[in-house]
Amino acid sequence: MADPVAAARPRSTVVLAPLAGNTSAYAGLTYPRLAPCLGALALPWLAVGATLAGVPVGLALGTLGNDGEALLLSVVVTPALRRQGFGRRLLAAFAEAPAAAGAHRAAAAYSSRLPAGDAAALVAAATAAGWGPPELRELICFSEAGPMVEAVARWPAVSGRLRDAEGVSFAPWRPLDAADHAAIAAMAGGEGYVPHMHPDWSMAAPLPECSVAVRRGGALVGWVMAEQAAGVPLPGYRDRPAVTYRSAYLRPDLWHTGALVGAYWHAFDRQAALLGPQSIAIYHTCLPRMMAMVRRRFGPLHLKVDEAWELRITFRTLQK
Ligand SMILES: CC(C)(COP(=O)(O)OP(=O)(O)OC[C@H]1O[C@@H](n2cnc3c(N)ncnc32)[C@H](O)[C@@H]1OP(=O)(O)O)[C@@H](O)C(=O)NCCC(=O)NCCS
């Protein structure tokens with residue numbers, strides 16, 4: 001069958017336009033998990049499509065948040081038309097769509113799991129379209145639980161503080177009471193707190209057995225929250241039981257006390273007891289200081305580390 005893109009190229013130009021309504025024809029130009037939104041595309045979804053002679057050849061797809069920030073979730077140019085500037089044009093046009101809808105800025109997240117060529121193309125295309133340089137936002141680390149427990153226990157600065165040091169306890173997780181909710185609300189306004197540190201953040205299958213409440217004088221001052229992992233995306237480890245630690249926090253006045261590492265130690269120790277020392281712990285860390293510590297201290301124990309990167313643009317840049 002003739003390639004419709006190749007057939008149309010000599011007499012047509014690529015046209016970019018914001019999309020709405022039934023845009024299912026673009027389904028092949030995004031991730032399968034995002035494609036269902038194309039059936040009836042409307043806010044908060046935002047999309048810019050590229051067509052060649054009416055045939056979809058590119059798509060930038062994202063959402064508009066209540067905070068005035070748009071999030072680009074995917075950008076794809078059909079392989080036959082790559083490296084001709086259409087990625088750059090889609091990224092520039094995507095930034096105009098939320099600006100027209102009243103947003104102030106846009107962000108695009110991507111992972112080191114992306115093939116290196118695609119990541120380089122995404123960054124080059126975004127930079128050429130006026131987006132800022134990529135910033136490392138998060139590490140997603142994969143380790144066996146048992147070796148992590150042993151490594152922390154061998155770490156002199158922390159090992160003496162793992163059991164109720166300085167009035168800090170690492171209690172089993174229990175449902176939050178009114179005092180806990182008040183403590184969380186106070187911490188949420190503090191330094192270094194981002195929404196995905198909240199104990200309920202995106203927890204599809206919470207695992208209280210491996211979650212830890214850090215308490216001081218009974219008051220909640222931090223936590224490490226566990227949930228059952230859907231699977232281990234690592235060849236040779238896919239059949240291992242696994243726990244994801246997606247959300248963790250410690251009140252800033254307790255930073256540099258080893259209490260957050262202590263909380264993780266208790267969580268990993270409980271995981272090793274529940275699911276075995278060879279079960280996989282998947283943990284996320286986003287503060288620059290914690291990312292550096294995790295790499296320095298536990299680097300050799302990681303089976304894999306995924307990096308989550310972010311590109312950003314504020315729309316003032318465009319309006320100059
Ligand atoms: C990312 C993507 C949309 C870029 O589209 P594109 O139309 O090829 O991008 P452009 O032609 O605008 O390229 C912009 C820049 O990237 C560079 N580039 C393109 N492909 C590249 C590659 N494989 N390696 C390195 N640089 C590359 C181009 O040279 C150009 O830079 P320049 O203007 O300085 O020469 C496209 O590669 C794609 O669809 N990839 C698969 C999907 C994907 O991974 N999307 C990102 C995550 S959702």
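## A tour of the chain

Pro-44 sits in the loop between S1 and strand S2 (45-52). Here helices (H or I, at least four residues) and strands (E, at least two) are DSSP runs, numbered from the N terminus. The bond joining Leu-43 and Pro-44 is a cis peptide, with omega about 10°.

Before we go further, two bits of background. Residue numbers start from 1 along each chain, following the sequence as written. This is a predicted model, where local features need pLDDT of at least 70 and side-chain atom pairs count only at pLDDT 80 or more, while totals for chains, interfaces and linings use all residues.

Now for the overall picture. The chain's secondary structure amounts to nine helices and twelve strands. Its C-alpha trace spans about 75 × 45 × 30 Å along the principal axes. Of its 320 residues, 35% count as buried. A residue is buried if 20 or more other C-beta atoms lie within 10 Å of its own, exposed if 12 or fewer, and partly exposed in between, with C-beta atoms placed from the backbone. As for contacts (two residues whose C-beta atoms, placed from the backbone, lie within 7 Å), residues 24 or more positions apart account for 72% of those in the chain with a separation of 6 or more.

Next up is the sheet. Twelve strands form an open sheet with mixed pairing, in the order S1-S2-S3-S4-S5-S12-S6-S11-S10-S9-S8-S7. Strand S1 (14-18) and strand S7 (168-172) are at the edges with a single partner strand each, so one side of each has no neighbour in the sheet. On average, neighbouring strands of this sheet are turned by 20° against each other, direction ignored. Helix H8 packs on the sheet and touches S6 and S11, its direction making about 35° with that of S6. Axes here are lines fitted to C-alpha atoms, for helices over the stretch in contact, and angles run from 0 to 180 degrees between N-to-C directions.

| Strands | Sense | Bridges |
|---|---|---|
| S8 (residues 212-216) and S9 (residues 219-228) | antiparallel | five bridges |
| S9 and S10 | antiparallel | seven bridges |
| S10 and S11 | parallel | four bridges |

Ala-213 stands opposite Trp-223 in S9, and Gly-222 faces Leu-250 in S10. Thr-244 has Ile-282 in S11 as its bridge partner. How many residues of S10 are buried? Nine of its nine residues are, making S10 mostly covered.

The loops on either side of S10 have something to show too. Arg-238 is in the loop between S9 and S10, and Arg-238 is exposed, with 11 other C-beta atoms within 10 Å. Leaving aside residues up to four places away in sequence, Arg-238 touches Gly-231 and Val-232. His-256 lies in the loop between strand S10 (242-250) and H7. With 9 other C-beta atoms within 10 Å, His-256 is exposed. Its phi is near 70°, a positive value in a residue other than glycine.

Ala-53 also has a positive phi, near 50°, in a residue other than glycine. You'll find Ala-53 in the loop between S2 and strand S3 (55-64). Is Ala-53 exposed or only partly exposed? Ala-53 counts as partly exposed because it has 15 C-beta neighbours inside 10 Å. For context, most residues other than glycine have a negative phi, and most peptide bonds are trans.

On to a helix. In H4 (residues 145-153), the buried residues are Ala-145, Met-148, Val-149 and Val-152. They sit on the same side of H4 because they cover an arc of only 100° around the axis, an arc of the directions from the helix axis to the C-beta atoms. The buried residues of H4 pack against strand S6 (135-144), helix H5 (156-159), helix H7 (259-275), strand S11 (280-285) and helix H8 (288-298).

Last stop: the ligand. It is surrounded by 21 residues, the closest being Arg-82, Gly-87, Asp-118, Ala-121 and Ala-124. A residue counts as near a molecule if its C-beta atom, placed from the backbone, lies within 6 Å of it. Strand S4 (69-77), helix H2 (86-100) and helix H3 (116-128) each supply at least two residues of this shell. H3 gives the largest share, eight residues.

Technical notes:
Two strands pair if DSSP finds at least two bridges between them.
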